[in-house]
Amino acid sequence: MSDPELGDVFGPSGDGDDPELVQLLTPEGERREHPDYAADLDDEAIAGLYRDLVLTRRIDTEATALQRQGELGIWASLLGQEAAQIGSGRAMLPQDFAFPTYREHGVAWCRGVDPLYLLGLFRGVDQGGWDPRETGFGLYTIVIGAQTLHATGYAMGLQRDGVVGSGDESRDAGVIAYFGDGATSQGDVNEAFIWASVFNAPVVFFCQNNQWAISEPIERQTRIPLYQRALGFGFPGVRVDGNDVLACYAVTQAALRRAREGSGPTFVEAYTYRMGAHTTSDDPTRYRLNDELDRWKAKDPIARVKAYLHTTTAADDQFFEGVEQEADELATHVREGCLGMPDPHVLDIFDQVYAEQTPELAEQKEQYAAYLSSFEGAH
Amino acid sequence: MAQITMAKALTNGLRAAMEADPTVLIMGEDVGKLGGVFRVTDGLQKDFGEERVIDTPLAESGILGTAVGLAMRGYRPVCEIQFDGFVYPAYDQIVSQVAKLHFRSQGKLPMPIVVRIPFGGGIGAVEHHSESPEAQFAHTAGLKVVAVANPVDAYWMIQQAIASDDPVVFFEPKRRYWEKAELDESVEPVPLHSSRVVREGNDVTVLTYGPMVKTALEAAIAASEEGRSLEVIDLRTLSPLDMGPVAASVRKTGHVVVVHEAVVNLGMGAEIAARISESCFYSLEAPVLRVGGFDTPYPPSRVEEEYLPDLDRVLDAVDRSLAF
């Protein structure tokens, strides 16, 4: 099934001509005004976002290389989606909580999660080593869309704790549920929309529409622009240029404010592009054309911020060199930390299943320990 | 002392848990104003409010998925699945999320969630309302699974399940909701994950749980009239199993019959038989026999009495075991 007219529906040009696309920084690095959204950021803060973008991409590059060298089992690259993640992640307050998919490396960065924890999951040493409560960043969720319900439930917990709409900005909190365009076809995601709507839960549904669910294009998931679905569920939806970090920041900040003040959920469709493969196991040359990739490269999320900082002289060469140096140091940290990660011990898995260990599992552990020790001294 | 039904005992147990701990929430379809289709949550929303007794949208995955988030925020959700056959939309959240989050987070995210499931047949219901899916949950690492058989256990076990820091799938035999017993709340309960001899005997051990405990006890009475002494054990806990009382009984009788409504193929009886053969091999005088539902979907209710194990089929297995 191919309907050429759908192209008009799905494909805002991304160059700012689409009146429904919130854009505050053009691909050329020029700032734009929007009647509803503004990023309350000075040049120093924008330089800070640039640093986040560069460092996040460097983590991703290094992880991909480590996978190619056999150090990670698999890696899900965020290449191209840095602005959507950094913009939304930096809009969060410490008391907010994010529920990620398995690709939110940039949001993890914003929440202070050491990237080594992310690598640990893909290396197979654990299944998520960071502390979700301490960081306000949930565990990576691989079953598509399941986390949107967790986010909604957590948001309902915030309501019950009296930290929604209390008027105390230092306490009031919101939740972001991250998911992709493919996930919008999942029952769980649609259930999450309904629950959040009827309970007026303080959750922002942040959809990174990167155009591809592995090999399936967005046309296989929807016949209307995704953000327009929100209306049917009873809350506002907005489409933002997902490669524009300022717009992602401003739109998410507004949506989170709305959540924290008790006005309910918002759907944000960050219109972006997965510039890499789905994961390191994927081969996108089998299903998409290079010229599509080339078109999106012209909208690179980092290049436009750099252009802005350059042309406005908000940052000098020393700044850019400093960020590059920091990226090199981070890459070293990621590489050495990955190689230095100890393997888990098999006997520990028996102790992590339950809060209260069962006698039968304790016995199974004991039997396996005895089996292992029977090899001691053997040749 | 007044008699109390199992349904009412569950209500009282839920009420006691909610009074003891303000983080306990009840969620489900029709659990609020209606008090649940079996009235197990009757009056709780009136007394504890809509914030704690939540009438949810009609979406089982949503119930369990939001319960995960509430648990992460420090709550103890008690989720009602209206009928056994409706749990499958929530199966992914239960098996992939609820059961695994403690493990995946190395204990940082405990999941103190209770999933209440009215289960089993015998009430003349239409399809999807009479199933026994307990083995599918007992097979999942990270879950604990129990089944209640009488009002006294119902009162205590629901409170113990709610107090557990692990997720508990809590099976309630719907055809026994209206069975009555005396409940003395001053008597200390036994631990949640323990099995119990409910009738002593010497000739054959009958292992069962949930709705079949009553059937097994009736069979034991009938057998005694023929001079046969059946020992009946109410397993109560299906994951973990409590094999201590089972092994002690098997060593005494040498004959075992496992009874459940669920289909025999890969049912709880299969695991129990394997464990008995591992631990009591030299005590066995006969193979462990299983009595259960046939390996068919649950049938139309006009033949369910044939499908469900009854007193005669239990006694038939007892005869076969003793004749071996």
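Colleague: How many Å apart do the C-alpha centres of domain 1 of chain B and domain 2 of chain B lie?

Modeller: Please keep in mind that this is a predicted model. Chain B is divided into domain 1, which covers residues 3-182, and domain 2, which covers residues 196-323. Between the C-alpha centres of these two domains of chain B, the distance is 26 Å.

Colleague: Which element gives the most to the side of domain 1 of chain B that touches domain 2 of chain B?

Modeller: The contact takes 26 residues from domain 1 of chain B and 21 residues from domain 2 of chain B. On the domain 1 side, α6 (134-138), β6 (144-147) and β7 (168-173) of chain B each supply at least two residues. With 4 residues, the element that gives the most to this side is β6(B).

Colleague: Which element gives the most to the side of chain A that touches chain B?

Modeller: In the contact between the chains, 33 residues come from chain A and 35 residues from chain B. The elements that give two or more residues to the chain A side are α6 (132-135), α7 (146-160), α8 (187-198) and α14 (359-373) of chain A. By class, that side has 16 nonpolar, 9 polar and 8 charged residues. The element that gives the most to it, with 11 residues, is α7(A).

Colleague: How many charged residues does the contact of α2(A) with α12(A) have?

Modeller: The axes of helix α2 (residues 43-68) and helix α12 (residues 303-311) of chain A come within 10 Å and cross at roughly 145°, and the crossing is left-handed. From α2(A), A:Ile46, A:Ala47, A:Leu49, A:Tyr50 and A:Leu53 meet A:Val305, A:Lys306, A:Tyr308 and A:Leu309 of α12(A). Sorted by class, this contact has 8 nonpolar residues and no polar ones, and the number of charged residues is 1.

Colleague: Why is one side of β9 and of β14 in chain B left without a neighbour in the sheet?

Modeller: In chain B, 5 strands form an open sheet of mixed pairing, in the order β9-β11-β10-β13-β14. One side of β9 (196-199) and of β14 (289-293) of chain B has no neighbour in the sheet because both strands stand at the edges, each with a single partner strand.

Colleague: In β14(B), which residue is the bridge partner of B:Val258?

Modeller: Strand β13 (residues 256-263) of chain B pairs with β14(B) in the parallel sense, over 4 bridges. In β14(B), the bridge partner of B:Val258 is B:Arg290.

Notes: Residues numbered from 1 in each chain as written. Chains lettered and ligands numbered in written order. Predicted model: local features only at pLDDT ≥ 70, side-chain atom pairs only at ≥ 80, totals over all residues. Contact = placed C-beta atoms within 7 Å. Nonpolar A, V, L, I, M, F, W, Y, C, P; charged D, E, K, R; others polar. Domains from an automatic or database assignment. Axes fitted to C-alpha atoms, helices over the stretch in contact; angles between N-to-C directions. Left-handed = near helix turned anticlockwise from the far one by under 90°. Pairing = 2+ DSSP bridges.
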